[in-house]
Amino acid sequence: MSRDQRRVVRELVDAHGQTYAEEAGIRLRDTPQPLYRLLVLAHLLSARISASIAVATARALHEAGLRDPRRMAGAEWQERVDALGRGGYRRYDERTATQLGDAAELLTERWGGDLRRLRKEADGEVPEVRRLLQEFPGVGPTGADIFLREAQRVWPEAAPYLDRKALQGAEHLGLPGDPDRLLDLAGKTEPAVLAAALVRASVDKEVARDTLDRAG
């Protein structure tokens, strides 16, 4: 059984092991701008909207120059609305435009525009980081989980981070619900990559079906 499960994990990661940050064109590093772009992406992904639209919208905001908190906060509200619309994020565009502006102001005023200072304030304690992330307008528990799932690549203390959504993906694939067992099945696969692949299996039935077909 474990051999079959290893094959399932291998096929999943090989075909669907792209992080959402990578898909959004974010070269994730432990520096202010990529971390901020990840926060915006996590905000967008946490809404009841398709991941592809959220990713396209994150790209649209970047292309509009809204790639750091200073520019986001300084932009006109309509400018943010227009960028969200170009990404296809129309259902929540007005509310989200306001939240993005308010969140950028909070990040600038409290942490100098640098999420590493938030991390430092939390003393690297992941539950506290998760709590502080939820102080940003529009970033609830789901958004905080998305951020940490991806940020574990550059914030080692967060790894391994397999949240509820990732474990749902494991369930859809007939894999164990225990994070340690999943990591063992994944071998040398980065936890962030495994988590993203499992989430894709959770939110997209085609991913789960394709993976199981490939695994035989």
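I began with Leu12, which I find in helix H1 (residues 2-16); helices (H or I, at least four residues) are DSSP runs, numbered from the N terminus. This is a predicted model, in which local features need pLDDT of at least 70 and side-chain atom pairs count only at pLDDT 80 or more, while totals for chains, interfaces and linings use all residues. Residues are numbered from 1 along each chain as its sequence is written, and side-chain values use heavy atoms, with hydrogens and water left out.

Is Leu12 buried or exposed? At 0% relative accessibility Leu12 counts as buried, where buried means under 20% relative accessible area, exposed over 50% and partly exposed in between (1.4 Å probe, protein chains only). Leaving aside neighbours within four places in sequence, I list Gly17, Leu173, Ala197, Leu198, Ala201, Val207 and Thr211 as in contact with Leu12, contact meaning heavy atoms within 4.5 Å. I also noted that the C-alpha atoms of Leu12 and Ala208 are separated by 8.1 Å, although the two residues are 196 apart along the chain.

Next, the helix pairs. Two packed helices are described by the angle between their axes and the distance between the axes. For helix H12 (residues 179-186) and helix H13 (residues 191-203), I read axes that come within 11 Å and cross at roughly 105°; axes are lines fitted to C-alpha atoms, for helices over the stretch in contact, and angles run from 0 to 180 degrees between N-to-C directions. That makes H12 roughly perpendicular to H13, given that angles under 35 degrees count as roughly parallel, over 145 as roughly antiparallel, 65 to 115 as roughly perpendicular and the rest as oblique.

I then turned to the rings. How many aromatic pairs does a search of the whole structure find? The search finds three, a pair being rings of Phe, Tyr and Trp (its six-membered ring) with centres within 6.5 Å, where planes under 30 degrees apart count as stacked, over 60 as edge-to-face and the rest as tilted. Tyr89 is buried at a relative accessible area of 1%, and Tyr92 is buried at 14%. Trp111 and Phe136 form another tilted pair, with centres 5.6 Å apart and planes at 55°. Trp111 lies in helix H7 (residues 93-111) and Phe136 in the loop between helix H9 (126-133) and helix H10 (141-151), so this pair ties together parts that are 25 residues apart in sequence. Both Trp111 and Phe136 are buried.

Last, the backbone. Most residues other than glycine have a negative phi, and most peptide bonds are trans. Asp123, not a glycine, has a positive phi of about 55°; Asp123 is placed in the loop between helix H8 (115-121) and H9, and counts as exposed at 62% relative accessibility. A cis peptide bond joins Ala159 and Pro160, with omega about -5°, and Pro160 is found in the loop between H10 and helix H11 (164-172).

Key:
Helices (H or I, at least four residues) and strands (E, at least two) are DSSP runs, numbered from the N terminus.
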